[in-house]
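Student: I have a model open and would like to learn how to read it. Can we go through it feature by feature?

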Amino acid sequence: MKKLGALHSQQRFYRLLGLPALVLLTLLFVVPLTFTLSRAFSGDESLYFGEAFITLFRQPYTWTIIRFSLLQAFVSTIVSLLIAFPGAYLLANYRFRGKGFVKAICTLPFVLPSILVVLGFVIFYGNSGILNTLLMDLFTLDTPPLQILYSFKAIILAHAFYNFPIALSLISTRWENLSPSYEGAALTLGSNRWEAFRRITLPNLMSSVLSASSLIFLFCFSSFAILLVLGGGPQFSNIEVEIYRRAKLSGDMTTASALALISIVITLALVLLHLLFQRRGSYEQESQLFEQVNSSYKKHSLVSSLLIALYVIISFGFVLGPLGAIIWRSFTSSITRGGATQLSLKWYKELLGLNSSGTAFISTALSSVIYSFIIALISASIATVLGLMLSARLARKSDTDSLAVELYAMLPMAVSSVVVGLGYYLVGRVVGTTFSMRLLLVLLAHVVIASPFVIRSILPDYRSMSKTYMQAALTLGSTVRQSFLLVELPLLRSSIITGFAFAFAISMGEMNATLILSESNIVTIPVIMYRLIGSYNYSGACALGTLLIGVSVALFGLSEASKRRRYE
Amino acid sequence: MKRYTCTLVLALILTPLALFSGAIKEQIAEPDELIVYAYDSFVSEWGPGPLVIPAFEQQTGIKVRLVSSGHGGELLSKLLLERNHPKADVVIGLESELAQKAIDSKLFLPYRSPMMDYVPTFLHFDPTYCLVPFNYGVYAFNYDSHTLKDIPSSLDDLLDPKWRKSIILIDPRISNVGLGLLEWTVAIYGDDYLSWWENIKPNVLTITDGWSSAYGLFTEGEAPLVLSYTTSPVYHILYEESDRYKAVVFDEGNMSVIEGAAIVASTQKRAEAQLFIDFLLSDAQKDIAVANVMYPVNSNTVLPDAFDQLVQPTKELTLDSELVHAQRQTWIDRWVEVMSK
């Protein structure tokens with residue numbers, strides 16, 4: 001009887017804990033979405049119900065955009081998988097130096113803002129970029145040999161850069177945990193290695209491949225900055241770019257909202273697919289958990305060592321080249337627009353307000369840095385607290401199997417940040433657009449965008465946490481509240497810190513919603529970077545980019561350090 | 001330590017509430033500055049804004065807040081969006097071809113500045129003086145003489161396969177310069193303008209979202225040809241003592257554009273706004289012309305010698321404002337269809 005009472009109070013506690021977070025997140029998410037939906041259907045007074053959709057679907061251009069959005073996401077996913085696969089094989093089957101570093105790179109895409117990737121690409125791969133200049137000097141060529149920017153190829157390459165680490169991480173983890181005994185048995189029974197791979201290994205990897213693919217497809221589908229800057233022209237626009245163009249540049253909120261709804265429907269389907277694949281994967285993983293903890297690594301041969309070296313060098317060049325280019329470029333300045341360049345600290349001095357050359361860059365850049373930090377700090381704190389409260393509830397849900405619960409928590413992820421931005425923009429037009437109100441809207445939009453990532457970081461840890469500690473605490477007479485604060489929270493420490501770091505990084509790098517929401521008085525680092533790229537002040541953009549890289553690395557270090565401490 | 005963390009987190013969470021109350025207060029407060037909306041490049045680092053605004057503030061003691069409001073076409077749509085709660089007092093950068101739409105919108109206050117006496121009559125594009133011209137330019141393709149030996153001589157010539165992936169264009173849905181080329185093709189080819197666009201595609205490196213990024217890519221060496229103005233080389237002559245970048249004029253004619261400014265009808269600062277327009281048409285003329293690298297409207301303006309080295313257009317093309325008003329959206333829509341294939 002007493003035990004039953006304890007169980008009851010326990011359930012009540014977690015339900016109450018999760019409730020405010022649930023209500024708040026729902027409000028933050030649903031309110032702007034409602035504005036978008038009502039705008040999409042009823043539009044202006046002059047339009048009849050649903051007219052915007054009919055207009056949109058009648059235009060062949062709408063279909064071109066939808067088709068292109070899907071096509072580029074599909075090709076990007078395939079290319080990312082192709083780049084990741086050999087790496088996953090090497091990571092899973094061999095032990096080598098620098099392996100930890102390769103794995104660290106796997107976390108990069110989550111913390112790097114896409115505008116940074118775009119900037120790095122233009123500087124590194126452009127027709128007059130570092131790579132082409134180098135090749136032209138080496139082979140005394142007149143024309144740049146690698147014409148990849150400003151086309152379909154550029155978009156695919158940037159997406160692969162961004163997303164192949166996701167595939168690498170998911171597939172190699174699965175591969176590593178695969179029992180080699182099946183493959184061994186197949187080999188003993190006389191099948192050749194290819195057959196063993198095709199019939200044993202590949203089917204077992206399939207769940208992780210599908211899970212990675214669906215996630216990558218989702219990210220590429222709702223990609224914005226990469227298509228906005230690298231795409232160029234109506235041929236290479238996706239739905240998100242078109243929403244932005246209609247809402248912000250043409251002021252046509254009605255068709256922008258209608259397009260947003262189309263985007264939501266597609267992304268929702270993608271998230272659902274991803275969750276299904278992920279679940280399938282986790283069941284399989286569990287069933288094999290006891291068979292194999294850590295696979296035995298294969299012995300190095302000359303060929304395998306060479307392959308590893310080659311892969312590591314190429315993938316490092318691929319990932320670190322553009323980033324290094326940004327840092328290098330930030331220390332140069334041109335004397336005039338398009339003139340010769342020289343090494344200097346000009347942009348950092350301007351950033352700090354030490355070098356007043358009376359340019360517009362200085363006044364906005366410093367304040368953008370301050371705004372970015374303040375917004376990131378506040379929105380990451382709120383997202384972390386909300387995410388933690390919601391995770392506490394979700395982890396304890398008796399029907400953990402119900403897809404609906406988890407889908408609900410992932411819902412903001414199913415809606416692209418451009419759409420979130422549009423929703424808050426429409427809210428802003430009703431509640432007013434004063435400075436504080438706009439800042440508030442940017443903050444709330446960031447909370448909505450960041451919170452699913454917090455939940456993603458805390459929830460799995462919460463679920464796998466052994467309940468025995470807590471039960472012991474309860475048996476020893478502590479209340480549910482005490483056991484939550486004194487037992488559970490300290491145990492979750494590292495995943496809370498990681499969640500906060502993710503949320504902070506996402507807020508710092510968030511451009512899409514902010515670009516739609518921000519007027520000239522509130523600008524964050526990525527927005528200024530976009531403006532600087534637009535007015536071709538690459539060096540200034542690079543100085544800010546270097547700052548963002550620094551912040552990302554620091555946050556990454558913070559989350560790694562918290563993990564290490566936990567195991568000590 | 002733990003207590004501090006808790007307090008900090010709590011404080012951070014409560015900040016939005018503080019912001020919310022601040023927002024309500026601000027909505028009541030009245031700003032003390034003259035609010036001027038201008039297109040992005042006017043406000044940018046190399047634009048006229050950083051020169052003109054401080055000079056005006058010093059001369060008149062009126063504080064100005066310059067609001068960067070996106071590319072050319074965005075300005076009018078932004079004002080139309082804000083129709084019910086207008087914030088701007090003055091707008092800079094409404095082109096002459098939008099005159100009809102701007103006048104119809106009844107958003108602006110007529111003001112015939114005394115400085116208009118020094119502006120040649122062909123530039124008085126708005127007879128109601130809601131919009132006054134402040135500079136004008138002629139669109140032209142610019143080329144990099146280091147990499148391009150062969151120079152195009154007409155729009156048709158640009159279709160030659162030898163210029164494969166060599167031209168940077170600008171999106172007419174977003175940028176005035178981009179729209180300039182679209183209307184240029186309409187002026188030359190009439191209803192057949194789309195076939196030019198169909199055929200130019202292989203020669204286009206990229207279509208950027210604004211003039212700045214297009215011209216930046218051009219000077220960075222990404223492509224040898226870019227859509228710009230006849231006046232653009234002035235910049236390189238003035239600041240780099242270089243005549244590497246040149247404009248080319250076509251015998252068939254080059255499209256021209258007049259850029260205008262206007263006072264927003266709802267302004268509470270009418271006198272200040274009028275002073276600002278006067279300043280724009282007089283003392284600011286040289287700075288605007290040099291920074292925008294376009295022609296001033298005030299004929300008394302003394303320009304640097306570099307302007308004398310420019311090629312003169314053989315024929316300046318314009319389209320009828322009413323035709324533009326009626327047809328522009330159709331042109332753009334058809335352009336999108338063709339270019340997205």
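Tutor: We start with confidence, then take the helix packing, then the backbone.

Student: What ipTM and pTM does the predictor give the complex?

Tutor: Remember that this is a predicted model. The complex has an ipTM of 0.73 and a pTM of 0.81.

Student: Which elements of chain A have the lowest and the highest mean pLDDT?

Tutor: Begin with the chain average, then go down to elements. Chain A averages a pLDDT of 80, and 86% of the residues score at least 70. Strand β2 (residues 341-343) of chain A has the lowest mean among the elements of that chain, 68. Helix α3 (residues 60-93) of chain A has the highest, 91.

Student: Where in chain A is the pLDDT below 50?

Tutor: One such stretch is residues 286-293 of chain A. Beyond near neighbours in sequence, this stretch has five contacts in the model. Residues 356-360 of chain A also stay under 50. For these the model has ten contacts beyond four places in sequence.

Student: And chain B: which element has the lowest mean pLDDT, and which the highest?

Tutor: Chain B averages a pLDDT of 86, with 94% of the residues at 70 or above. Helix α1 (residues 2-28) of chain B has the lowest mean among the elements of the chain, 71. Helix α7 (residues 193-200) of chain B has the highest, 95.

Student: Now the fold of chain A. How many helices and strands are there?

Tutor: Count the elements, then look at burial and contact range. Chain A has 24 helices and two strands. Of its 568 residues, 50% are buried. Among contacts in chain A with a separation of 6 or more, 78% join residues 24 or more positions apart.

Student: Take a helix pair. At what angle do α19 and α21 of chain A cross?

Tutor: Read the axis distance and the angle together. Helix α19 (residues 435-464) of chain A and helix α21 (residues 480-509) of chain A have axes that come within 8 Å and cross at roughly 155°. Angles over 145 degrees count as roughly antiparallel, so α19(A) is roughly antiparallel to α21(A). The crossing is right-handed.

Student: Which residues make that contact?

Tutor: From α19(A), they include His446(A), Ile449(A), Phe453(A) and Asp461(A). From α21(A), they include Leu492(A), Gly499(A), Phe502(A) and Ile506(A). By class, the contact of α19(A) with α21(A) has eleven nonpolar, six polar and one charged residue.

Student: How do the axes of α6 and α14 of chain A cross?

Tutor: Helix α6 (residues 114-125) of chain A and helix α14 (residues 302-330) of chain A come within 8 Å, axis to axis, and cross at roughly 85°. They are therefore roughly perpendicular to each other. Among the contact residues are Leu116(A), Phe121(A) and Phe124(A) of α6(A), and Pro322(A), Leu323(A) and Arg329(A) of α14(A). The contact of α6(A) with α14(A) divides into ten nonpolar, two polar and one charged residue.

Student: What about α9 and α10 of chain A: at what angle do they cross?

Tutor: Helix α9 (residues 180-188) of chain A and helix α10 (residues 193-221) of chain A have axes that come within 9 Å and cross at roughly 140°. That makes α9(A) oblique to α10(A). The crossing of the two is right-handed. Tyr182(A), Glu183(A), Ala186(A) and Leu187(A) of α9(A) meet Arg193(A), Ala196(A), Arg199(A), Ile200(A) and Thr201(A) of α10(A). By class, the contact of α9(A) with α10(A) has five nonpolar, one polar and three charged residues.

Student: On to the backbone. What is phi of Tyr129(B)?

Tutor: Most residues other than glycine have a negative phi. Tyr129(B) has a positive phi, near 60°. Tyr129(B) lies in the loop between β4 (108-109) and β5 (131-144) of chain B. Lys165(B) also has a positive phi, about 55°, although it is not a glycine. Lys165(B) sits in the loop between β5 and β6 (167-170) of chain B.

Student: Why does Tyr129(B) count as partly exposed?

Tutor: Count C-beta neighbours. A residue is buried at 20 or more within 10 Å and exposed at 12 or fewer. Tyr129(B) has 15 inside 10 Å, so it counts as partly exposed. Lys165(B), with 17 other C-beta atoms within 10 Å, is partly exposed.

Student: Where is Glu220(B) found?

Tutor: Glu220(B) is in the loop between α8 (211-219) and β8 (225-229) of chain B. With 18 C-beta neighbours inside 10 Å, Glu220(B) counts as partly exposed. The C-alpha atoms of Glu220(B) and Thr330(B) are separated by 34 Å, and the two are 110 residues apart along the chain.

Note on methods:
Residues are numbered from 1 along each chain as its sequence is written. Chains are lettered from A and ligands numbered from 1 in the order in which they are written. This is a predicted model: local features need pLDDT of at least 70, side-chain atom pairs count only at pLDDT 80 or more; totals for chains, interfaces and linings use all residues. Axes are lines fitted to C-alpha atoms, for helices over the stretch in contact, and angles run from 0 to 180 degrees between N-to-C directions. Helices (H or I, at least four residues) and strands (E, at least two) are DSSP runs, numbered from the N terminus. Angles under 35 degrees count as roughly parallel, over 145 as roughly antiparallel, 65 to 115 as roughly perpendicular and the rest as oblique. A crossing is left-handed if the near helix is turned anticlockwise from the far one by less than a right angle, and right-handed if clockwise. Two residues are in contact if their C-beta atoms, placed from the backbone, lie within 7 Å. Ala, Val, Leu, Ile, Met, Phe, Trp, Tyr, Cys and Pro count as nonpolar, Asp, Glu, Lys and Arg as charged, and the others, Gly among them, as polar. pLDDT is the predictor's confidence in each residue, from 0 to 100.
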